[in-house]
Amino acid sequence: MLNRVRSAVAHLVSSGGAPPPRPKSPDLPNAPSPQTAAPPEAPRSPPATAGSGSAAPAKTVEARASFSRPTFLQLSPGGLRRADDHAGRAVQSPPDTGRRLPWSTGYAEVINAGKSRHNEDQACCEVVYVEGRRSVSGAPGEPSQGQGLCFYYWGLFDGHAGGGAAEMASRLLHRHIREQLKDLVEILQDPSPPPLCLPSTPGAPGSSDSSYLVGSQSCWSSQKEVTHESLVVGAIENAFQFMDEQMARERRGHQVEGGCCALVVVYLLGKVYVANAGDSRAIIVRNGEIIPMSREFTPETERQRLQLLGFLKPELLGGEFTHLEFPRRIQPKELGQRMLYRDQNMTGWAYKKIELEDLRFPLVCGEGKKARVMATIGVTRGLGDHNLKVCSSTLPIKPFLSCFPEVRVYDLTQYEHCPDDVLVLGTDGLWDVTSDCEVAATVDRVLSAYEPNDSSRYTALAQALVLGARGTPRDRGWRLPNNKLGSGDDISVFVIPLGGPGSYS
């Protein structure tokens, strides 16, 4: 077991190499083409056909040919090569051609400093039309008689162990959300409380009289209050789950390698829904005030959930890991002594007598950015990772990785927003070296240099945030103005204005 652990640590330090080439994954089974209220998009940026560096075998060339960037960047083959250049790390933004992203959204990205062969981040920005699937009051299967709904959608997907999962999620997750909202179109447009049940098809279970199930004096007579807002949250949560299940089904045939963190924003009927599964982050900067709209899911922040799963299902630990946490690795000579520990029920620490099984490797090890689950992965929520196993072992990691996001809601109608109020989304490449306060200061500095009605100001802000986190090249790597190391990770940033031109109004 100790040899496996040493191998895992060595693998973390030295892992690299090109992911296998992959074909495009298909769209949702039997799903219609997306209907959008936005102008037709340009084709996805074509794959690069050549790159800098020494000659590579054919397999590497195929992997390079699979590299692509978000459609809205409209990169030419030459632009793709520049975007894939680790040495120059040029910042990429949509071209200033007069056709802007919805809400005049700003976007910027930059590739890593050599951490992976390609930029494993992906992004998506869409306006999606949802046509109702059925009428709540009409016959089952009858199309909704009301108008459909339109939602605005932004997504950042931070891939790891390959870019396949991030690319697939960027193309399909908003379609899963649309599918989940189809049954809710008429309900969300009706101000009355949502119905407890939707009509069932004739002959289906529940379509006949079921009064025998509940007596007249039932103790379950009260009904929980369900809001329209909670229906949208549930639709987003289900969409994440179905996206993850699709990745599991198609990972063999379409080589959807790796996994990805997902940070998604949906604007619908006056409210902003921010769904986060991973370690990306979203904040609102409103009149200088910082409003957190997500939290990072890491082995440290989700320690108790992971430990509880290991406690309830010890077979997932394979006899190699312990669900208990200790301040450090226990030495065999310390058997019988009392050491500090904590389990799935504890936030504080207590002492316990060290037993033989406590010598196993801890389920959660390390701290900060070096914290890992089973010495393998540093995030605890996201999409994909169905093939991920402990190094030199057959133990799967996925049971400990949740695909469900935390969804936070912000009601835009409750506050009078000005053009300088923005929602900032960033992958961890931004937040590893930039604090919320530093982002807020950059928001104030950059936006104050532009006229309020200049919609290019939000792209300029996204570029400034990416440049500020990347740093400048020096003899000892990419450095910030204070000479600290800049971010060597892929960095992707959306800046969504909450007031002014292109807003929800």
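K115 is exposed, with a relative accessible area of 59%; here exposed means over 50% relative accessible area, buried under 20%, and partly exposed in between, computed with a 1.4 Å probe on protein chains only. The model is a predicted one, in which local features need pLDDT of at least 70 and side-chain atom pairs count only at pLDDT 80 or more, while totals for chains, interfaces and linings use all residues. Residues are numbered from 1 along each chain as its sequence is written, and side-chain values use heavy atoms, with hydrogens and water left out.

The partner of K115 in a salt bridge is D489, and the closest N and O atoms of the pair are 3.4 Å apart. A salt bridge is defined as a side-chain nitrogen of Lys or Arg within 4 Å of a carboxyl oxygen of Asp or Glu. This pair links distant parts of the chain, 374 residues apart: D489 lies in the loop between strand 18 (477-479) and strand 19 (491-497), and K115 in the loop between strand 1 (106-110) and strand 2. Strands (E, at least two residues) and helices (H or I, at least four) are DSSP runs, numbered from the N terminus. In contrast to exposed K115, D489 is buried, at a relative accessible area of 8%.

A further salt bridge joins R295 to E406, with 3.0 Å between the closest N and O atoms. It too links distant parts of the chain, 111 residues apart, since R295 is in the loop between strand 7 (289-292) and helix 7 (303-312) and E406 is in strand 15 (residues 406-411). R295 is partly exposed at 33% relative accessibility, and E406 is partly exposed at 21%.

The salt bridge between E334 and R328 has its closest N and O atoms 2.5 Å apart. E334 is buried, with 10% relative accessibility, whereas R328 is partly exposed, with 44%. In total, the structure holds 21 salt bridges.

Strand 2 (residues 121-130) is largely enclosed by the rest of the structure, because nine of its 10 residues are buried. It runs antiparallel to strand 3 (residues 149-160), to which 10 bridges join it; two strands pair if DSSP finds at least two bridges between them. Within this pairing, A123 stands opposite L156 of strand 3.

For C124, the nearest cysteine sulfur is that of C125, 7.2 Å away. C124 is buried, with a relative accessible area of 4%, while C418 is partly exposed, with 31%.

A search of the whole structure finds three cavities of 30 Å³ or more. On a 1 Å grid over the protein atoms alone, a cavity is a set of points where a 1.4 Å probe fits but cannot get out, and lining residues have an atom within 4 Å of a point. Grid points are joined across faces, edges and corners, and a volume is the space filled by probe spheres set on the points. The second largest cavity has a volume of about 40 Å³, and its lining includes H160, I377, R381, D385 and K398.

Note on methods
A disulfide is a pair of cysteine sulfur atoms within 2.5 Å. On a 1 Å grid over the protein atoms alone, a cavity is a set of points where a 1.4 Å probe fits but cannot get out, and a pocket is an open set with protein on both sides within 12 Å along at least five of seven lines; lining residues have an atom within 4 Å of a point.
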